[in-house]
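Reader: Hi, I've got a structure open and some quick things to ask. Can we go through it together?

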Amino acid sequence: MEPVEALRRIAFLLERAHEPTYRVRAFRTAADRAGRTAPDELAGRVRDGTLTALPGIGKVTALVIEEALRGETPVYLRRLEATEGEPLDEATAALRSALKGDLHTHSDWSDGGSPILEMAETARSLGHEYLALTDHSPRLKVANGLSADRLRRQLDVVDELNASLAPFRILTGIEVDILEDGALDQEPELLDRLDVVVASVHSKLRMDRVAMTRRMVAAIANPRVNVLGHCTGRIVKAGGRRGGLRPESEFDAALVFDACAAYDVAVEINSRPERLDPPKRLLRLAVEAGCRFSVDSDAHAPGQLDWQPFGCERAARCGVPASQVVNTLGADDLLAWTRSKL
């Protein structure tokens, strides 16, 4: 295993385990530095004991590089791989193996931590056929949401990357804010061009139950919307991307899920450990309503793309049929579905 590969694998496993960002960043920074350093220089610095003189390489990452250059699997990596999680049960594993892609992911164009290409290559390594790139819309300034012009530039970048990644596909998309009146936070003409539109509430999460229900149903009824993202907005585990806990938004779940079924909008099963949204009681209600679903990672870093098993486990427990999960479809069938309402 080459040093860069070892360092990136460690970062991936740390992200998957929801370890602090600073720890992950140390290994990604070291991987970037090692990748920009000539192999002969790396080997020479190992001999001279001067690896840590390179910016971005500390004692721990230097040891990983040294062990990799000796042809060994670094101890740090072996330890992580030995403790990376328990085996999935049969039902969860079956659903995970049926997934062909991920419909909710972020890159460093908004508030993600890695370039589009790295996210795509990681998704491909996990066995995906496609990855929907759904960076935030402009109103979410805290997440560096994409203006219409920036989103247009991103579409050109995706076209170029797809030419080199084929047959793997990056699907164009957005996580668009649902505004207080139920409108969508992006130009309609631009939304029409996208492969996948995930609509989520990110503001005024404590608004009145009736107003929130009206807001969500208005967005669901919009023919441009394909997936309703993290419907309650809850945060159940401290230390996530926003820090603290957050209660569920209040809305008429039966009415919202009936609208999803009527307008053929998939209910997202958000796999982020701090979200796990919707709660199981609401997930069962959505099953009873006959909704479609999308099991998504909501990944903001490469290692988080492997969080989908968390969503699969909850889907299996709540009786979600694989046939109702839209990202079990191949790319062509998925796009036929997302474009069927336009």
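Reader: Is Asp306 buried or exposed?
Author: Asp306 counts as buried, at 13% relative accessibility. Buried means under 20% relative accessible area, exposed means over 50%, and partly exposed is in between (1.4 Å probe, protein chains only). Keep in mind that this is a predicted model: local features need pLDDT of at least 70, side-chain atom pairs count only at pLDDT 80 or more, and totals for chains, interfaces and linings use all residues. Residues are numbered from 1 along each chain as its sequence is written, and side-chain values use heavy atoms, with hydrogens and water left out.

Reader: Where does Asp306 lie?
Author: In the loop between E7 and H13. Those labels are DSSP runs, numbered from the N terminus: helices (H or I) have at least four residues and strands (E) at least two.

Reader: What is Asp306 in contact with, leaving aside its neighbours within four places in sequence?
Author: Phe12, Arg16 and Leu126. Contact means heavy atoms within 4.5 Å. With Arg16, a polar contact of 2.8 Å joins the two side chains. A polar contact is a pair of N or O atoms within 3.5 Å; within protein, one must be able to donate a hydrogen and the other to accept it, and residues adjacent in sequence count only if both atoms are side-chain atoms.

Reader: And how many residues apart in sequence are Asp306 and Thr122?
Author: They are 184 residues apart in sequence. In space, they are 9.2 Å apart, C-alpha to C-alpha.

Reader: On to H13. Which of its residues are buried?
Author: H13 covers residues 308–317, and its buried residues are Gln308, Pro309, Gly311, Cys312, Arg314 and Ala315. What covers them includes H6 (90–98), E1, E6, H12 and E7. Just after H13, Gly319 takes a positive phi of about 75°.

Reader: What pairs with E6?
Author: E5 (residues 227–228) pairs with E6 in the parallel sense over two bridges. There, Val227 has Ala266 as its bridge partner. On E7 (residues 293–296), the pairing with E6 is also in the parallel sense, over four bridges. Ser294 in E7 is the bridge partner of Glu268. From E6 the chain crosses through H12 (residues 280–288) to E7, and this β-α-β crossover is right-handed. Right-handed means that, with the strands pointing away from the viewer, the path from the first strand over the helix to the second runs clockwise.

Reader: Is E6 mostly covered or exposed?
Author: Mostly covered: five of its five residues (266–270) are buried. Ala266, Glu268 and Asn270 are on one side, Val267 and Ile269 on the other. In a regular strand the side chains alternate between the two faces of the sheet.

Reader: Last one. Where is Ser200 found?
Author: In E4, which covers residues 196–200. Ser200 is buried, with a relative accessible area of 0%. Its side chain makes a polar contact of 2.8 Å with the side chain of Glu175.

Reader: How many bridges join E3 to E4?
Author: Five, and the two strands run parallel. Among the partners, Val176 has Ala199 in E4.

Note on methods: Two strands pair if DSSP finds at least two bridges between them.
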